[in-house]
Protein chains: 2
Amino acid sequence: MKRNSRLSSTLHILVHMADAPDRALTSEQLAGFIHTNPVVVRRTIAGLREAGIVTSSRGHGGGWQLGRAPDRISLAEISAALGETLLPFSTEPESPGCLVEQAVIAVLDDFRLEAERLLAERLSHITLADLTADFRRRYDLIGISSHAV
Amino acid sequence: MKRNSRLSSTLHILVHMADAPDRALTSEQLAGFIHTNPVVVRRTIAGLREAGIVTSSRGHGGGWQLGRAPDRISLAEISAALGETLLPFSTEPESPGCLVEQAVIAVLDDFRLEAERLLAERLSHITLADLTADFRRRYDLIGISSHAV
DNA sequence: CTTCATGTAACTTAATTAGTTACGAATGGC
DNA sequence: GCCATTCGTAACTAATTAAGTTACATGAAG
């Protein structure tokens, strides 16, 4: 799993879970999808469990399942549950007392606040169901073209 | 200089340059403002020179100056010249051929495209002149309150 | 009571970036 | 011409962060 791909890797995993709603998938299986380690998976999606996006169970037949219907799980919630920041830049003071820095940070924080609100709003309209629908569309297309050839 | 503070550090530097339009500031002086090394400064703002945002000159009296008026330098240009990404997540394929991944990346890239357009648009309306104005406002306020006490 | 699975701590490894040293190339003052 | 100054850049070191790994305790199912 690459450095900044926690969101896409997690979505990948979740779509697989949405695609097998009847059974629990183990961290080992999930790790296989994104070519990583079961422990990394458990660590990564631990926050999703706390947010109710997924549930986990131990022992025989245990593993991971969605906590609710895919159309009620938005990318905004997923991103937040992963603890991801939507904007990459920091605005922590490094020279407290410097008025130039204060001005810079004030403007940047204003922008950040507005931007994060905007991005979260947009992400809240994209659900896991949209992703699985897109996946199925691709799946059907491949099926058709395979027949055609 | 902290890890994700390249944008705010660069803005800090640029406001100082805008505040001294008559003379060139050396990388050493600029480094002092953000508590780092002259070489780090030169490296960081090298891209701004290529973008025409700043100019540099060597030798006696050399150093850095703004390449044009502060009200014609937007945060969008600065951010771009720094090579900063506006969104932090990666969408590079790690399992080429996996339809689930393709669906995830397609949706995420759509979002990214739209989001980057939006953020850049907003950043293009904030100029260095806005930052210096904010700085001067703070400066005057402190002056007044100092007098009052 | 054995097997399978998660939960989590602790450690190792890899990648990235800041910081540093060093030196070459311009530039301007004398 | 020569020297001080300043950038440009390469090469190296150090610090930080996140992934990967190992190990083991906990709990559930048969």
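Reader: How many residue pairs are in polar contact across the interface of chain B and chain A?

Author: This is a predicted model, and the count takes pairs with both residues at pLDDT 80 or more. A polar contact needs a pair of N or O atoms within 3.5 Å. Across the interface of chain B and chain A, the rule gives 10 residue pairs.

Reader: Which element gives the largest share of the side of chain B that touches chain A?

Author: Elements giving two or more residues to this side are α1 (6–19), α5 (99–123) and α6 (128–148) of chain B. With 16 residues, the largest share comes from α5(B).

Reader: What share of the area buried between chain B and chain A do carbon and sulfur atoms give?

Author: The contact takes 48 residues from each of two chains, chain B and chain A. On the chain B side, these divide into 29 nonpolar, 11 polar and eight charged. The buried area is about 4,300 Å², and the part from carbon and sulfur atoms is 72%.

Reader: Which residue of chain A meets R122(B) in a salt bridge?

Author: The rule finds four salt bridges across the interface of chain B and chain A. In one of them, at 3.2 Å from N to O, the side chain of R122(B) meets that of E114(A).

Reader: Which residue has a backbone N or O atom 2.6 Å from a phosphate oxygen of DNA strand D?

Author: Among the residues that come nearest to DNA strand D are M1(A) and S27(B). The distance of 2.6 Å belongs to S27(B).

How values were computed:
Residues numbered from 1 in each chain as written. Chains lettered and ligands numbered in written order. Predicted model: local features only at pLDDT ≥ 70, side-chain atom pairs only at ≥ 80, totals over all residues. Heavy atoms only, no water. Contact = heavy atoms within 4.5 Å. Buried area = accessible area lost by both parts, 1.4 Å probe. Polar contact = N/O pair within 3.5 Å; in protein donor to acceptor, adjacent residues only side chain to side chain. Helix = DSSP H or I, 4+ residues; strand = E, 2+ residues; numbered from the N terminus. Nonpolar A, V, L, I, M, F, W, Y, C, P; charged D, E, K, R; others polar. Near = heavy atom within 4 Å.
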